[in-house]
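Subject: Structure handover

Hello,

Here is the structure I promised to pass on. Please open it first, then read the notes below it.

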Amino acid sequence: MTGLLHAFVLDGQGGGRLLCDLSEVKSVIHKEPLWLHFDYSFDETTEWLKQQTFLDDWEREALTADETRPRIANGDEGLLVFLRGVNLNPKQSPEDMVSIRCFANDKLLITCRKRHIMSAQDMLALLKKGQGAKSIGELLSTLVMRLSVRMQDIIWQIEEQLDEFEDAMESSEQLPNYQQLSILRRQTIGLKRYLKPQKLAISELLLAKIAWLDEDHRHMIEEASNALSRYIEELEAAIERAQVIQNAITNHQNEQLNQRMYVMSVVAALFLPLGFLTGLLGVNIGGIPGTEWGGAFTFFVIMLVVLTGGIGVYFKRKGWL
């Protein structure tokens, strides 16, 4: 079955064994701790889920829905957990977070995803080494923790980029790229959009009365919840920092524009009387003075220079230059 990514039976010691296909699952499901990981975009996955009588119709639809938000829901035979992780796939944006849907009870964990999610691969690698989860409760809590931990690097990258932008603003050597800053701000807002409901979902998971989640498991989930709270605070601070930098860039650009416009205005004011006089004496009508005097042009040029110098001195005394 191409929709099955892996089926792993836990041995209670941190390891276990991989099953080859779903035909082997029938003999162990609900009898031994079992982790089934699916790609829900395959029709085979949907068909297999429909055959499972312990799943209600709404649970099957939720596990294979195109869009989900982080949340917790109680089913008749288990718990539904919908979470998101940062998108670390090549050529993908981190804020386009990957959804993972879980159905869990004391003997079974079903996880469904469409895009590759590295946290699940990390957990499987540990199980193969015999260093993984020992129970379904630990497996679920480990997934929650790893999804949260992998967000830290992205948060650090955002903060480092903002630090670089702020250093560039202080040095005044080169303004930060406004487009790059806008992209970074959109990424930050996109991450915050999913982290807030994820924090609420994990808080609900902590409050749920689930017998197969012991104190150690709840402690891991609580640590993940605390980490998410910190990430949300850091993202909110990053959004505010990005806004401040954007405002500073806009103010700096407006100041430069105003300075250029001011220089142009001063230059125009200097040459306004000169243009008026040259235009007045350039009309082709009779009576223009100096037409019969050979030194008239030299006198006129000297008068324009003196007039320009006088206007310049006047502007200087007024503080306009």
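Start with strand β6 (residues 98-104), which gives the most to the lining of the second largest pocket, with three residues. Please keep in mind that this is a predicted model.

**The pocket**

The second largest pocket has a volume of about 180 Å³. Its lining is made up of Tyr40, Asp66, Glu67, Arg84, Asp96, Val98, Ser99, Arg101, Lys114, Arg115 and Tyr194. By class, that lining holds seven charged residues, three nonpolar and one polar.

Two of the lining residues, Glu67 and Arg84, also pair up. Glu67 forms a salt bridge with Arg84, and their closest N and O atoms are 3.5 Å apart. The pair links distant parts of the chain. Glu67 sits in the loop between α2 (57-64) and β4, Arg84 in strand β5 (residues 79-85), 17 residues apart. Arg84 has 5%, so Arg84 is buried.

**The cavity**

How many cavities of 30 Å³ or more does the structure hold? A search of the whole structure finds one.

The structure holds eleven salt bridges. Side chains of opposite charge can pair when their charged atoms come close. Two further pairs involve helix α7.

- Arg241 forms a salt bridge with Asp163, with the closest N and O atoms 2.6 Å apart. Arg241 is in helix α7 and Asp163 in helix α5 (residues 151-171), 78 residues apart, and the pair links distant parts of the chain. Arg241 is partly exposed, at 22% relative accessible area. Asp163 is partly exposed too, at 36%.
- Glu236 forms a salt bridge with Lys192, with the closest N and O atoms 3.6 Å apart. Glu236 lies in helix α7 and Lys192 in helix α6, so this pair ties together parts that are 44 residues apart in sequence. Glu236 counts as partly exposed, at 29% relative accessibility. Lys192 is partly exposed, with a relative accessible area of 21%.

**The surface patch**

Now to the outside. Tyr262, Val263, Val267, Phe271, Tyr314 and Trp320 form a nonpolar patch on the surface. Together they have about 610 Å² of accessible area. Which helix gives the most to this patch? Helix α7 (residues 215-281) does, with four residues. Tyr314 lies in helix α8 (residues 296-318). At 44% relative accessibility, Tyr314 counts as partly exposed.

**Two buried alanines**

Ala208 is in the loop between α6 (178-207) and α7. Its relative accessible area is 16%, which is under 20%, so Ala208 is buried. Ala208 and Ile72 are 136 residues apart in sequence, yet 9.3 Å apart in space, C-alpha to C-alpha.

Ala73 is in strand β4 (residues 71-74). At 12% relative accessibility, Ala73 counts as buried.

Best wishes

Technical notes: Residues are numbered from 1 along each chain as its sequence is written. This is a predicted model: local features need pLDDT of at least 70, side-chain atom pairs count only at pLDDT 80 or more; totals for chains, interfaces and linings use all residues. Side-chain values use heavy atoms; hydrogens and water are left out. Patches are made of residues with over 30% relative accessible area and no salt bridge: like charges are joined within 9 Å, nonpolar side chains (Val, Leu, Ile, Met, Phe, Trp, Tyr) within 5 Å. Accessible areas come from the Shrake-Rupley method with a 1.4 Å probe; for residues, only the protein chains shown count as cover. A salt bridge is a side-chain nitrogen of Lys or Arg within 4 Å of a carboxyl oxygen of Asp or Glu. Buried means under 20% relative accessible area, exposed over 50%, partly exposed in between (1.4 Å probe, protein chains only). On a 1 Å grid over the protein atoms alone, a cavity is a set of points where a 1.4 Å probe fits but cannot get out, and a pocket is an open set with protein on both sides within 12 Å along at least five of seven lines; lining residues have an atom within 4 Å of a point. Grid points are joined across faces, edges and corners, and a volume is the space filled by probe spheres set on the points. Ala, Val, Leu, Ile, Met, Phe, Trp, Tyr, Cys and Pro count as nonpolar, Asp, Glu, Lys and Arg as charged, and the others, Gly among them, as polar.
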